[in-house]
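Subject: Structure handover

Hi,

Here is the structure for you to look over. My notes follow below it.

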Amino acid sequence: MTPLTGTRPPLSPFPPTLLAGSHEGLAEVLATLAEAVDTASAARRPGGPVPAGTPAEVLAAASRALGPEELPAEGLGPKAALQLLTTLLVEGGIDLSHPRAAAHLQPPSLAVAVAADTLASAQNASLDTYDSGASALAVERWLIGVLIRLAGLGERADGVLTPGGSLSNLMGLLLARDAAALRRGVDARAQGVAALPGPVVFCSELAHFSTHRACAALGLGEAAVRPVPVDERRRMRPDALAAALDALGPDRTPVAVVATAGTTDFGSVDPLPEIAEIAAGHGVWMHVDAAYGFGALFSRRLAGRLAGLELADSVTLDLHKIGWQPAATSVLLVSDTTAFTSLDREVAYLNPVDDTEAGYDGLLGRSLQTTRRPDAVKAAATLLAYGRGGMGRMVDACHDLARHAERRIAAEPALELVAPAELTTVLFRYRGADPAASDELNGALRRLLLESGTALIGRTEARAGGPGSPKRVCLKFTLLNPTATTADIDGLVDTVLDAGRTCERLIEEGAA
């Protein structure tokens, strides 16, 4: 139809800065972020890494700041909304860059990673198809190649990014389940797991709980998990694993052996070469949960602790732990790309055969996700910026801090060192005058630090006397801030000692 003479194309009612992907929109994003930084500086708390107050008080204040739980008829506008949330998150959130933030495997993010992540978010690419991601696909493939070589895996190795270590472990065990089923003549993808007799998954008694969750989600059941005892260094005992495998009858299907390279509490690394030899001898898939420990490979000093990783069938690693990436940046590596076969999908509106043959393909067949954001961009920016040398120096700095904390704790009569610094964690207890009340005392000590806002430290349970001893409440430093100093660690220990003395007094007064 011929347009009427003199008509003009309609104008959009929205400004060009509405969308972050446009040049004007990205410029607006950067300008707004700069304003948010000023707001954050004004809102920053003095004194500690956590907001003072009880959880009920802190959460209630945040709720009041947000207002009624209903969608407003008209918004505040982008700048006012961001300023509100910036103030709320800074005043009432966790400051992981504070030197007394030492609770979890949750590091402060590197600035270059945050900047790259902002760019990736602005473009909003997805990695399932070429026409959703284009060059973002190449960034992930580059990152996977770098990590494969760092791990020492072979030419047939492959990998994919996932939304977290628990999901990486789930995928590793999914691939292991399907491989074990095929050895039994069962197609688990098509038939399910009902025809798979007596599935069994072996792991250290200190393995991450995500192994149990994965077995439940995969239809194997948590009862399929067989914990293997650990030695005095808190590493899986190969002799116990071999005996457990030898004892399996023909009515059982060994699905996988899950070794841990960096237990959450201790940083201990299972003896990977010995475990790999046993698993291979029984034809069983070996998955290594290196979510915590993989980052040790950046360090020339610590890399040898992961010897044998190259023998794994699959490996989980989290760059949002030792890697200083914004969460989540997890990766599953496999020794053979054909392991991903059971995830293949052909969907007419995403990856028809003729498009794939012409090169218009994506990474749909490597993931349980369809839409998948380009988390590789922030990690690639980090590795390009710092290289192995720069990353290794950050790892070594955190390891040095952990060893200093270990020495300081060991020298304090009021503290008991439970586990030394294998990687970047240190376990200890505040002794107290009454051994019978020590668990109560250590729990109260940590809560006092949280409520006062002065320090953020971890808590767990461990066998303080080694294998066979009862589990006790322990405190934990997880040291992942490479800019912290030994003086900061001394100050953190002093803060713990002060809190311990205060708690002892309060418990005595309460008993009286």
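Start with Ser 314, which counts as buried because its relative accessibility is 0%, under the 20% cut-off. Please keep in mind that this is a predicted model. Ser 314 sits in strand E7. Its side chain makes a polar contact with the side chain of His 287, at 2.7 Å. Beyond its neighbours within four places in sequence, Ser 314 is in contact with Gly 172, Trp 285, Met 286, His 287, Val 288, Leu 332, Leu 333 and Val 334.

Ser 299 lies in the loop between strand E6 (285-289) and strand E7 (314-318). Ser 299 is also buried, with a relative accessible area of 0%. The side chain of Ser 299 reaches the backbone nitrogen of Leu 302 at 3.1 Å. Not counting residues up to four places away in sequence, Ser 299 touches Arg 388, Gly 392, Val 395 and Asp 396.

At 32% relative accessibility, Arg 388 is partly exposed. The side chain of Arg 388 reaches the backbone oxygen of Leu 297 at 2.7 Å. Leaving aside neighbours within four places in sequence, Arg 388 is in contact with Leu 150, Leu 297, Phe 298, Ser 299, Arg 300 and Ala 303. Glu 155 is another matter: Arg 388 and Glu 155 are 21 Å apart in space, C-alpha to C-alpha, and 233 residues apart in sequence.

Now the salt bridges. How many does a search of the whole structure find? There are 26 salt bridges. Some examples:

- Asp 158 and Arg 366 meet through their side chains at 2.9 Å, N to O. This pair links distant parts of the chain, 208 residues apart: Asp 158 is in strand E2 (residues 158-162), and Arg 366 is in the loop between helix H12 (353-357) and H13. Asp 158 is buried, with a relative accessible area of 4%. Arg 366 is partly exposed, at 21%.
- Glu 422 and Arg 305 form a salt bridge at 3.4 Å, N to O. They too link distant parts of the chain, 117 residues apart: Glu 422 is in the loop between strand E9 (415-419) and strand E10 (425-430), and Arg 305 is in the loop between E6 and E7. Glu 422 is partly exposed at 21% relative accessibility. Arg 305 is partly exposed at 34%.
- Arg 408 pairs with Glu 412, with the closest N and O atoms 2.9 Å apart. Arg 408 is buried, at 17% relative accessible area.
- Asp 117, Arg 373, Asp 375 and Lys 378 are linked in a network of salt bridges.

Last, two helix pairs. The axes of H2 (residues 55-66) and H3 (residues 78-92) come within 10 Å and cross at roughly 175 degrees. The angle therefore makes H2 roughly antiparallel to H3. Val 58, Ala 62, Ala 65 and Leu 66 of H2 make the contact with Leu 84, Leu 85, Leu 88 and Gly 92 of H3. By class, that contact holds seven nonpolar residues, one polar and no charged.

The axes of H10 (residues 238-246) and H11 (residues 272-281) also come within 10 Å, but cross at roughly 10 degrees. H10 is therefore roughly parallel to H11. Pro 238, Leu 241, Ala 242 and Leu 245 in H10 meet Glu 274, Ile 275 and Ile 278 in H11. Here the classes are six nonpolar, no polar and one charged.

Best wishes

Conventions: Residues numbered from 1 in each chain as written. Predicted model: local features only at pLDDT ≥ 70, side-chain atom pairs only at ≥ 80, totals over all residues. Heavy atoms only, no water. Axes fitted to C-alpha atoms, helices over the stretch in contact; angles between N-to-C directions. Helix = DSSP H or I, 4+ residues; strand = E, 2+ residues; numbered from the N terminus. Parallel < 35°, antiparallel > 145°, perpendicular 65-115°, else oblique. Contact = heavy atoms within 4.5 Å. Nonpolar A, V, L, I, M, F, W, Y, C, P; charged D, E, K, R; others polar. Buried < 20%, exposed > 50% of the residue type's maximum accessible area, 1.4 Å probe, protein only. Polar contact = N/O pair within 3.5 Å; in protein donor to acceptor, adjacent residues only side chain to side chain. Salt bridge = Lys/Arg side-chain N within 4 Å of Asp/Glu carboxyl O.
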